[in-house]
Amino acid sequence: MFTRLTLGTAALALAATGALAAQDDITLAMTLEPPNLDPTGGAAAAIDEVVYANVFEGLTRFAPDGSVIPGLASSFEVSEDGKTYTFNLRDGVTFHDGTTFDGEDVKFSLDRARAEDSTNAQKALFAGIEAVEVVDPLTVKVALSAPDGAFPFKMAWGDAVILAPETAETAATNPVGTGPFAFAKWTHGDSVEIARFDSYWGEAPALASATFKFISDPNAAFAAMMAGDVDAFPNFPAPETLMQFDANPMFTVIVGSTEGETILSTNNKSGPLADLKVRKAIAHAINRQEIIDGAMHGYGTPIGTHFAPHNPDYLDLTEQSAYDPEMAKALLEEAGQTGLKLRLALPPPPYARRGGEIVAAQLRAVGIETEISNLEWAQWLEQVFKGKDFDLTIVSHTEPADINIYARPDYYFQYDNPGFQALIAELDVTADPAARTELLHKAQQTISDDYVNGYLFQLAKTGVANSKIEGLWVNAPTQANDLTGVRWTD
């Protein structure tokens, strides 16, 4: 009796002091560790997965439904000719180091991103900017060389976040932004920690801190979730185990869509791959559903071009590159390519490693041998993305609505089509929705006709979380783990 009374009294005391309040820290897992933490100086999606909307903010930002909403700019106006955007900045915003955010920071960031020596992975987003003028500390005018109805969309990318000139050079290892969380610690090879920024200009997040833990092995991912070592895995790497989580009331399985076009990227200037017939043969050698089932356990939507099926302007071109191994063999014979051997470079994600083995077997069946190289992410970025030293690779392009990358002849898959470049140039200055749809259809058809890459599937967003967590994104309009609305329920 005494013991029971003591325990009951202790429980009441704990409740009275708030010790039983809702949890305010969270541990999320990611498959890849970011190479750095500066989204304006790196191409890896893992950078934005940590810092987008959490540590760094832009003039605009993506909402969970993919719409573009105000960020550091509370509003903006567009001139009648569509060539000047005036951004009205929020007052009372400070960086995590206590310095004041104003128009000079916006000018610095945009000029830095578009500079000749810029290392921004999406430098093309800023190519239309002619000048950035600071009208006053809270007003910035951006003059464009031509009308661009998509400019607010471009400013929502992680590559367009605002940095201060005093801290930009060290953002890769010590990021200082204006977001609701400040960078706290990076334990290389293990985790990144962020903590709530008490001087944040907007609504304070429910979470006081968050840890992003890096777990690349699917078996380790499953074990970590089951053991409670991590609270959520927004992009879970072991889809074959999702049924087990779904049957357990302790967990919530979150299935949505992403902007990730998963493709068999092809070096269009690498020997025999410069021949359209060879690229077409590769496309017809691919059985998409077999790859989706084998590598993703059925999660994924087949695609026939570089465009998300959930986008209203999507054109279904999967039949144009339908699985037809006999056609593939005939095309290779026409091209005079017998005994063809290609290099297949695979980055770490499971969709690439597992998918690569399946693709290699499918190519072998039509007479193409592949030499597989498993690369770490830093190696892939250096050798494939920057060095263009590859024949084939598999990667998900998770940037939103990024078909314009095919208009860059120096991009890593080295597709150079002046007609396509003209299409995108026209799209850039077109604001009418119907006209934009027509141009986007032509763009999708063009790269499908040219068999630039092997189009595999749209990456599904399959996540697992503790069932008491709410507010995680279901879909992924950009590569982010936005924690601003995440909280624990009682």
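The secondary structure of the predicted protein consists of 13 helices and 19 strands. Its radius of gyration is 24 Å, close to the 23 Å given by the globule rule for 490 residues, so the protein is as compact as a globular protein of that length. Taken along the principal axes, the box filled by the C-alpha atoms is roughly 85 × 65 × 40 Å. Of the contacts between residues at least 6 apart in sequence, 68% join residues at least 24 apart.

The accessible surface of the protein amounts to about 20,300 Å², and carbon and sulfur atoms account for 52% of this area.

Buried residues make up 52% of the 490 residues. In soluble globular proteins, nonpolar side chains tend to be buried together. In the present model, the largest nonpolar core has 96 residues, of which Ile282, Tyr406 and Tyr412 touch the most other members. Helix H10 (residues 350-365) contributes the largest share of this core, with 6 residues. Another core, of 32 residues, lies apart from the largest one and includes Leu72, Ala73, Phe95 and Phe126.

When residues up to four places away in sequence are not counted, Tyr406 touches Ile263, His306, Phe413, Tyr415, Phe420, Ile447, Val452, Asn453 and Tyr455.

Notes: Residues numbered from 1 in each chain as written. Predicted model: local features only at pLDDT ≥ 70, side-chain atom pairs only at ≥ 80, totals over all residues. Heavy atoms only, no water. Helix = DSSP H or I, 4+ residues; strand = E, 2+ residues; numbered from the N terminus. Rg over C-alpha atoms; globule rule 2.2 N^0.38 Å. Buried < 20%, exposed > 50% of the residue type's maximum accessible area, 1.4 Å probe, protein only. Contact = heavy atoms within 4.5 Å. Areas by Shrake-Rupley, 256 points an atom, 1.4 Å probe, with all protein chains shown as cover. Core = buried A, V, L, I, M, F, W, Y, C linked by side-chain atoms within 4.5 Å.
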